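Open the model in your viewer and keep the sequence panel beside it. This tour tells you what to select at each stop and what is there.

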Amino acid sequence: MKKIGIIGSGTMGIGIAQVAATNGCEVFLFDVNTIQTEKALQNLENSLQKLAFKEKISYEKAEEIFNKIKFCTELKELKDCDLVIEAIIENKEIKQKVFTELETHVSENCLISSNTSSISITSLSAELKKPERFIGIHFFNPAPLMPLVEVIPGLLTKENLAQEIYDLMKSWGKVPVIAKDIPGFIVNRIARPFYGEALRIVEENIATPEQVDDAMRTLGNFRMGPFELMDLIGIDTNFLVTTTVYKDYFYDPKYKPSLLQQRMSEAKLHGRKTGRGFYDYSENAEKPIPQKDENLYEEIFMRIISMLINEAVEAKRLKIASGEDIELAMQKGVNYPKGLLSWGKEIGFGKISDTLQNLYNEYQEERYRQSPLLKKM
Ligand code: NAD
């Protein structure tokens, strides 16, 4: 597969273009907003030059990668591509419209894919003339740095296509995992409680955001706490993914979004990108110092880690992916310090189960129900 089309030159599109070009592919990059593409290409050129300056790659290689990306101003310029990866705005109707037009330009054999974080692959493929050629290829942000790629066949995807894309991603130096077409796929489903339970702890005035972050960093070795991470991802984006997962699971209380996060999103306190989220990023702002409390920290950590391990166990039970891929996905997609299944074993599944049972007894809420597999473990 040598000619790759990328639709959308935003955060993800330009990153995926860089990955494909680095691996010797000819890349055709299209965005409705040509100014955005110009900006993205300029930034890419600068960052490739920086890599060369730091001797991570040669100046020749930097130039070679950059020259492999062709700036397209019309979708029809993608007509000779072997594979097209769409990375435009997270909106089902707009994506479907683009695919319908794309099918009129590309050959019968061209494979078509979406980088969507939360829209059903089956629903996107269903509008195509040839839905069997459609698949999800989900990169993580930043695409050139994060190794994980979730490969998601939909119900109508032809057999063997997942394996073909899996092999292609491996040849690009990525760590691919095959996931089922379910809301949130692997990572965005399993990771929900990292944010959701942290938000609840703060909403109920049990602890402050800086205490929750400190507890997860010090007791769990997470590189970032939930609130720091939400500020980085964008509180609006994180809220949108949570809402989609909640709705698509027919309002399963386990995934119920947080009112606090909704209010933050409404107020456009989106985190780093707007200068203020759970923390203040203005020039002279000081980061609040958490009031350390050993017992409280243990409670916070056990509550969040138990919810995460329960999700990983349930994903294994439902065969959303293999046990090994579930372990790999959380470490290579969102930098978790350990696989959640082995973490559960280390803490003891009995202790995880007891923590959830105590929360269930206290709240009488479905949110804390245990995976039937966890009880057996
Ligand atoms: P972005 O807003 O940075 O970029 C989207 C780009 O799409 C914009 O440049 C916009 O001009 C362009 N666009 C919009 N409509 C278009 C159309 N009809 N035709 C061509 N171009 C169009 O968004 P992003 O963060 O790069 O996300 C893109 C996709 O990747 C989404 O589906 C998102 O869910 C998914 N994703 C995002 C992340 C992340 O962390 N940002 C991670 C994984 C997957």
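Begin with helix α15 and select what covers its buried residues: this includes α7 (187–190), α9 (209–220), α13 (294–317), α14 (323–334) and α16 (349–363). Contact here means heavy atoms within 4.5 Å. Helices (H or I, at least four residues) and strands (E, at least two) are DSSP runs, numbered from the N terminus. This is a predicted model, in which local features need pLDDT of at least 70 and side-chain atom pairs count only at pLDDT 80 or more, while totals for chains, interfaces and linings use all residues. Residues are numbered from 1 along each chain as its sequence is written, and side-chain values use heavy atoms, with hydrogens and water left out.

Now select α15 itself, residues 340–347; its buried residues are Leu340, Leu341, Trp343 and Gly344. They sit on the same side of α15, because they cover an arc of only 160° around the axis. The arc is that of the directions from the helix axis to the C-beta atoms. Buried means under 20% relative accessible area, exposed over 50%, and partly exposed in between (1.4 Å probe, protein chains only). Turn to the face of α15 that points away from the buried side, and you find the exposed residues Lys345 and Glu346. Just after α15, select glycine 348, which takes a positive phi of about 105°.

Go on to α16 and select serine 353, which lies in this helix. Is serine 353 buried or exposed? Its relative accessible area is 15%, so serine 353 is buried. Leaving aside neighbours within four places in sequence, serine 353 is in contact with Gln370 and Leu374.

Next, show α9 together with helix α10 (residues 226–233). The two pack at an angle of about 105°, with their axes 7 Å apart. That makes α9 roughly perpendicular to α10. Axes are lines fitted to C-alpha atoms, for helices over the stretch in contact, and angles run from 0 to 180 degrees between N-to-C directions. Angles under 35 degrees count as roughly parallel, over 145 as roughly antiparallel, 65 to 115 as roughly perpendicular and the rest as oblique. To see the contact, select Pro209, Val212, Asp213, Met216 and Arg217 in α9, which meet Pro226, Phe227 and Glu228 in α10. These residues divide into five nonpolar, no polar and three charged. Ala, Val, Leu, Ile, Met, Phe, Trp, Tyr, Cys and Pro count as nonpolar, Asp, Glu, Lys and Arg as charged, and the others, Gly among them, as polar.

Select lysine 292 in the loop between α12 (259–266) and α13. At 59% relative accessibility, lysine 292 counts as exposed. Its contacts, leaving aside neighbours within four places in sequence, are Asp214, Thr218 and Tyr297. Lysine 292 and glutamine 211 are 81 residues apart along the chain, yet their C-alpha atoms are separated by 7.1 Å.

Now colour the strands. Eight of them form an open sheet in the order β3-β2-β1-β4-β5-β6-β7-β8, with mixed pairing. At the edges are β3 (69–72) and β8 (175–178), each of which pairs on one side only. From one strand to the next, the twist averages 25°. Two strands pair if DSSP finds at least two bridges between them.

Select β1 (residues 3–7), where four of the five residues are buried. Five bridges join β1 to β2 (residues 26–30), and these strands run parallel. Isoleucine 6 stands opposite leucine 29 in β2. Further along the sheet, β5 (residues 111–114) and β6 (residues 134–139) also run parallel, joined by three bridges. There, serine 113 has isoleucine 135 in β6 as its bridge partner.

Then select helix α3 (residues 59–67), where Ala62, Ile65 and Phe66 are buried. The buried residues of α3 fall within an arc of 95° seen down the axis, so they line one face of the helix. They pack against α1 (11–22), α2 and β3. Glu60, Glu63 and Asn67 are exposed on the other side of α3.

The last stop is the backbone. Select proline 142, in the loop between β6 and β7 (148–153). The peptide bond from asparagine 141 to proline 142 is cis, with omega near -5°.
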